[in-house]
Amino acid sequence: MKIEEVKSTVRTQRIAAHSHVKGLGLDEVGAAVHSAAGLVGQKAAREAAGIVVDLIKSKKMAGRALLLAGPPGTGKTAIALAIAQELGNKVPFCPMVGSEVFSNEIKKTEVLMENFRRSIGLRIRETKEVYEGEVTELTPVETENPMGGYGKTISNVVIGLKTAKGTKQLKLDPSIFDALQKEKVEVGDVIYIEANSGAVKRQGRSDTFATEFDLETEEYVPLPKGDVHKKKEVIQDVTLHDLDVANARPQGGQDVLSMMGQLMKPKKTEITDKLRMEINKVVNKYIDQGIAELVPGVLFIDEIHMLDLETFTYLHKSLESPIAPIVIFATNRGRCVIRGTTDIVSPHGIPLDLLDRLLIIRTLLYSTADMEQIIKLRAQTEGLQLEENAFARLSEIGTSSTLRYAVQLLTPAHQMCKVNGRNQISKDDIEDVHSLFLDAKRSSKHLSEKNNKFML
């Protein structure tokens, strides 16, 4: 099983609507502060989520599921993302929507299994022979091109490494020079080079080069201690899906036919259960030997009512698996028909046997004062300035329609304000855009009044 060459396939997610959420906003005893870390209100739901975070950190929540249930626009996705922020970036967090399982290329159950495996991390500890230090010299040695022509090729690279104990000059293979360039290594950087594989890892800039600027994009690290050549424990974080992909990819040669075969392969391919079982065996062996540690992450499935009866049945099996992540579902439906059936009505569109296994967290509608605070947060995040009466009007609109609609009016109102030659959004700007755009309720009323004018 490959570990050294595994590249992470974690999807980077940026949800602009929740970019202000930094955590659950709880105090030392786990009580929710009314407005903190980007979240406002929903105290009971946030405190319950705080208990879930503590259970996940103490590894007592694996294989269990949680359901966030509440009306639209009550912060279900925000709370799920806040849980991810509280856990930190070392714990895998995989968000998906219920409708993602319906694909023409791969089975529904395969999509679910792939995301389950993406949500389970493996922390591998390996003792490797490395050369570590601050780069004092980086010189590529060029020679004449053996193939002829005007260009020159790099025959080797000379690199000087310095630690607190001493310095060492290394003469390395030209392929390592390519790795140094990929990592953008310069003189003054702290790096380590694995002796066996030649892999290069840039750890940061040496702190002797730290400047006095207020804004720094560079990460500074101290000068390594000990000798340049040493044995070091290297920790690598991968997910089980990363291992599946690394071992499922066909290892063709460099000839044209094998490269064409790889190009013509479909983008998504199913990974066999047999391969997964083999990987699980190796993973369990590593865990028993103390080389690796399992890190159960979080799988967040939004719009859970979009799943059908087959996928709900598959979730039972997956949740009972010895290697299972923490699963968080979210839904805004009340009592409705289970997808895949015609007459089975159930709460939230989830079968009762699965619902019985879930811890349910309820989210409630926001008050007018809470809406005003959330709108202020969004305006601050987007860098917009509003008069106090504009905030009050927006929260009134949010109460009569929805919070999402009120937040969406911010950007058009700012545009209207710029057209009028002002920087601060006034109540009049809000009224203007509110008259130009319709919310769902007013649109529905207009449709019922003018129904005979529309096509059936």
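**Exercise 1. Determine which elements cover the buried residues of helix H8 in this predicted model.**

*Solution.* Begin with the helix itself. Helix H8 spans residues 309–319, and its buried residues are Thr-311, Phe-312, Tyr-314, Leu-315, His-316, Ser-318 and Leu-319. Next, identify the cover: it includes strand S3, helix H3, strand S14 and helix H9 (352–355). Helix H3 (residues 108–118) packs on a sheet, where it touches S4, S13 and S14. The direction of H3 makes about 155 degrees with that of S4.

**Exercise 2. State the strand order of the open five-stranded sheet, and identify its edge strands.**

*Solution.* The order is S4-S13-S14-S3-S17, and the pairing is parallel. The edges are formed by strand S4 (93–97) and strand S17 (358–362), each of which pairs on one side only. Between neighbouring strands the average turn is 20 degrees, with direction ignored.

The pairing can then be followed step by step.

1. S4 pairs with strand S13 (residues 298–302) in the parallel sense, over five bridges.
2. Within this pairing, Pro-95 stands opposite Phe-300 in S13, and Met-96 stands opposite Ile-301 in S13.
3. S13 pairs in turn with S14, again in the parallel sense, over four bridges. Here Phe-300 stands opposite Ile-328 in S14.

Helix H1 (residues 43–57) lies across strand S3 (65–69), S13, strand S14 (326–331) and S17, and runs at about 145 degrees to S17.

**Exercise 3. Classify the aromatic pair formed by Phe-93 and Phe-300.**

*Solution.* A pair of aromatic rings is described by the distance of the centres and the angle of the planes. The count of such pairs comes to one. The ring centres of Phe-93 and Phe-300 are 6.4 Å apart and the planes stand at 15 degrees, so the pair is stacked. Planes under 30 degrees apart are counted as stacked. The pair links distant parts of the chain, since Phe-93 belongs to strand S4 and Phe-300 to strand S13, 207 residues apart. Both Phe-93 and Phe-300 are buried.

A ring contact of another kind involves Lys-376, whose charged end sits over the ring of Phe-391, 5.4 Å from its centre.

**Exercise 4. Describe the surroundings of Ile-193.**

*Solution.* Ile-193 is located in strand S8 (residues 189–194). Its relative accessibility is 3%, so Ile-193 counts as buried. Apart from neighbours within four places in sequence, the residues in contact with Ile-193 are Glu-129, Val-130, Tyr-131, Ile-159, Leu-172, Gly-198, Ala-199 and Val-200. For Tyr-131, the C-alpha atom is 5.2 Å from that of Ile-193, although 62 residues separate the two along the chain.

**Exercise 5. Identify where the pLDDT of the model is below 50.**

*Solution.* Start from the overall values: the chain averages a pLDDT of 80, and 88% of the residues score at least 70. Then compare the elements. Helix H6 (residues 256–264) has the lowest mean pLDDT, 47, whereas strand S16 (residues 345–347) has the highest, 89. Two stretches answer the task. Over residues 10–15 the pLDDT stays under 50, and the model has nine contacts for them beyond four places in sequence. Over residues 252–264 the pLDDT is also below 50, with six contacts in the model beyond near neighbours in sequence. Where pLDDT is low, the predicted coordinates should not be read in detail.

Notes:
Residues are numbered from 1 along each chain as its sequence is written. This is a predicted model: local features need pLDDT of at least 70, side-chain atom pairs count only at pLDDT 80 or more; totals for chains, interfaces and linings use all residues. Side-chain values use heavy atoms; hydrogens and water are left out. Two strands pair if DSSP finds at least two bridges between them. Helices (H or I, at least four residues) and strands (E, at least two) are DSSP runs, numbered from the N terminus. Axes are lines fitted to C-alpha atoms, for helices over the stretch in contact, and angles run from 0 to 180 degrees between N-to-C directions. Contact means heavy atoms within 4.5 Å. Rings of Phe, Tyr and Trp (its six-membered ring) pair if their centres lie within 6.5 Å; planes under 30 degrees apart count as stacked, over 60 as edge-to-face and the rest as tilted. Buried means under 20% relative accessible area, exposed over 50%, partly exposed in between (1.4 Å probe, protein chains only). A charge sits over a ring if NZ of Lys or CZ of Arg is within 6 Å of the ring centre and within 35 degrees of the ring normal. pLDDT is the predictor's confidence in each residue, from 0 to 100.
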